[in-house]
Amino acid sequence: MMDSKLHVEPEMKGWLFKWTNYLKGYQRRWFVLSNGLLSYYRNQAEMAHTCRGTISLHGALIHTEESCTFVISNGGTQTFHIKAANEVERQRWVTALELAKAKAIRAIESEDEEESCFEPADAEVSNMVKVLNARLENLETCRELISKHGAALQRSLTELESIDSAVDVSAKIKAVNERATLFRITSNAMINKCGEFLELASQQGRKWQRILIYEREQKRRFQEMVEQLAKDHSLLEQAAKDHRIPRPSNSPLSDEDDETTEFYDAYEGEESCDTEKFVLKINVAKSRKRDTDDASGSSSEVEEMGTMQRDITVVSSSLDLSSRETACERIPSDNKSKVSSNQSSSQKQGEGDSSVVASESQSKKIKRRRIRVPDKPIYPLNLWSIMKNCIGKELSKIPMPVNFSEPLSMLQRLAEDFEYAEVLDKAAQCEDVHEQLAYVAAFTVSSYSTTVNRTGKPFNPLLGETYEFDRTEDLGWRVISEQVSHHPPMVAQHCEGKEWTCWQEFTMASKFRGKYLQVVPLGIAHLKFRQNGQHYTWRKVTTTVHNIIVGKLWVDQHGDFDIINHTNGSKCHLSFIPYSYFTRDVQRKVKGCVMDKDGDVKWVINGTWDSKVDIAPVISVSGTPENPVYKTGEYKMVWRVRPPPSDCDKYYNFTEFACQLNEMEEGVAPTDSRFRPDQRLMEQGEWEEANTVKVKLEEKQRAARRQREAAIAAMASGNMALNYDNNDEQPSDNDDDDDDQAISDSQSEVSGKYYSTYQPIWFDRELDPITGSIAHKYKGGYWEAKERQDWSMCPSIF
């Protein structure tokens, strides 16, 4: 039963009984003693993949209680109560444990001795510095003597040359010889002292080099230890959340609640291990009325009515990877403009060879754009001194230096969502509206592809700041955005393609929690196709930036949302699976399905938000109505990420498209983000100047806000006085409502929540007939003003 080697090394393994809880008592476990660690498993097969617990014997206390039991404790954090089959077996284990403990202590002491030989004591360092200073003083003394005797020898030689009579020559020659001898002696002393100093410096240099290597190794080990602690902390947090799930009172207990969690290495292959089959959980409202009226696509709003979960199993009938790879070819970066132009021309039906010729001739006039930005400089920064004052605050109210940012504004980051707008061009050509919805879902996923390595914070736009990006010639779309509110931060955006129009009002709720930063988008995005009139809405999922204080920053997207077609009632449910160390599945996975107005699944979406998206039609249905099984046809790839440049880590992990967002262009509005000075200085690598200018811009914005606040206060007092003067009159109901609303608005504006005195230039607040709420919508006029170069209506914000 046991394999012991007490005479060779204190290691053994075998079956023992470990105390679990008062209900189960002692349970049979397989124990292994190795390298000063005692580990246990449920059986021998688990040794290859799952360890249920480990205790270090270094510093542990081992004592016996009864005839067959003994206890191992390491000071309170871990305690193992173990029982052997008989007293002889217990004594063999206790002896082996004591020998292993002694061996572990000797190993650690020997490591400490090796480390101590590299650690110089303070007295040794001080003595070393004193010796070097003394040698330097000797060299300085020799240098002074050489200068003194050299000057005297020079004077004697000069006097010797000026003597005319031969009587004084012998005396002068004697003086020259004496001074030359002194100069030679001093020079020899200087050479000797230099040799001694060089020898001492070489000896100490080699010693300091060894110390430096040791310190670097210690630093590396410390960094690895801190990163591992951060990972372990995340694992423990997740495990704690899993164990907080309430258990039904009538369910049987497992053997050990704290031993059931299994850890798996993440599968890093390109294809998912469950591409051919997966289960999607969908929240279905109990009331059918809300399914088509909810424009936000937020599953949380449906849950307010009370929901039930519906499990949908998707099984693929075939999986032809080669056809999937060729279904969506990657466009080379050097020919991107030309191919995009040809793709735009091929979207029109019924055009012959003449359209291709026209497209090729037009591509010659397309503007050549830059493919990278200046490299990111390396500036030291005390992270904790800044972060400790930001915990619990709203992200938009934290005064962040540019060291945490990237040289792009939030307006430009939102325009980056349209990097893969060719997916919408393909969707516009779909005759099946459900297939079109699947393409729209792939487009929404593509907007997150660049966030996997982009940990820099975009600049918060100033109130009234705008951004335009006209790519009509090469990509077939143009976008205009404006910061319409500062508290809360709100961006209005309008994008026009050849066959579609997309607009949104983007705002967000964000909190910094010390360990991670979470951003929850609150705005609603709209998309409408011109040819068939299909109108879609959706929200964005939650973005979390992990390891803010310790470890390497990494970004995760997670959550569920619905893309709703308000024309025919169909919708697409997408689920972004959160990153987890507990799964063997591909990370950053996205899966979903397209359903008609009756809830029947028509198309299936599967992929990852940082790589690609595949879609497949449903060809048959089986199973029960509550848990149906859908069999799909052949998958086809509708979106694949374009790989970033190989050296993009040197310039903020920008893609080629992102590098072009802040490129200067002629004719844009003076409020455009390209003219923001602090952002431009940061891109050029002048971070200190950028921080100074950033503070000035923010102070200028605060001054403008105080002026508006004073004007609103004056307006509110004037309205109240007017209402008091007209108290005896009997105004109409409409007048009463207007006056009350004016006073109410003024009072709310004085509190700092919203300032109606500021009116956006290119967007108006109006009622959205789809969502039933007030939102900003593009009123037109920007592109016409650009054509006339009339920017008189734009404020001075920079």
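Me: Ala-189 lies in helix α3 (residues 169-243). Why is Ala-189 called partly exposed?

Reply: The structure is a predicted model, in which local features need pLDDT of at least 70 and side-chain atom pairs count only at pLDDT 80 or more, while totals for chains, interfaces and linings use all residues. Residues are numbered from 1 along each chain as its sequence is written, and side-chain values use heavy atoms, with hydrogens and water left out. A residue is buried under 20% relative accessible area, exposed over 50% and partly exposed in between (1.4 Å probe, protein chains only). Ala-189 has 29% relative accessibility, and therefore counts as partly exposed.

Me: How do you know that the length of α12 agrees with its number of residues?

Reply: The expected span is 1.5 Å times one less than the number of residues. For the 14 residues of α12 (residues 433-446) this should give 20 Å, and the end C-alpha atoms are 20 Å apart, so the two agree. The helix is mostly covered, with 14 of its 14 residues buried.

Me: What makes Asp-432 a cap of α12?

Reply: A polar contact is a pair of N or O atoms within 3.5 Å; within protein, one must be able to donate a hydrogen and the other to accept it, and residues adjacent in sequence count only if both atoms are side-chain atoms. A side-chain oxygen of Asp-432 lies 3.1 Å from the backbone nitrogen of His-434, which caps the N-terminal end of the helix. A second polar contact, of 2.8 Å, joins the side chains of Asn-606 and Lys-589. Asn-606 sits in strand β25 (residues 601-608) and is buried, at a relative accessible area of 3%.

Me: Why is the pair of Trp-19 and Tyr-26 called edge-to-face?

Reply: Rings of Phe, Tyr and Trp (its six-membered ring) pair if their centres lie within 6.5 Å; planes under 30 degrees apart count as stacked, over 60 as edge-to-face and the rest as tilted. This rule gives 23 aromatic pairs. Trp-19 and Tyr-26 are 5.3 Å centre to centre with 75° between the planes, and the pair is edge-to-face. Trp-762 and Tyr-782 are also edge-to-face, because their centres are 5.2 Å apart and their planes are at 90°. This pair links distant parts of the chain, 20 residues apart: Trp-762 in the loop between α16 (733-750) and β29 (763-767), and Tyr-782 in helix α17 (residues 782-788).

Me: What makes Glu-46 a buried residue, and which residues are in contact with Glu-46?

Reply: Its relative accessibility is 8%, so Glu-46 counts as buried. Glu-46 is found in the loop between β4 (37-41) and β5 (53-56). A contact means heavy atoms within 4.5 Å; apart from neighbours within four places in sequence, Glu-46 is in contact with Tyr-41 and Arg-52.

Me: Why should residues 245-275 be read with caution?

Reply: The pLDDT is the predictor's confidence in each residue, from 0 to 100. Over residues 245-275 it stays under 50, and the model has 65 contacts beyond four places in sequence for them. Over residues 285-307 the pLDDT is also below 50, with 38 contacts beyond near neighbours in sequence. Where pLDDT is low, the predicted coordinates should not be read in detail. The chain averages a pLDDT of 76, and 73% of the residues score at least 70.

Technical notes. Helices (H or I, at least four residues) and strands (E, at least two) are DSSP runs, numbered from the N terminus.
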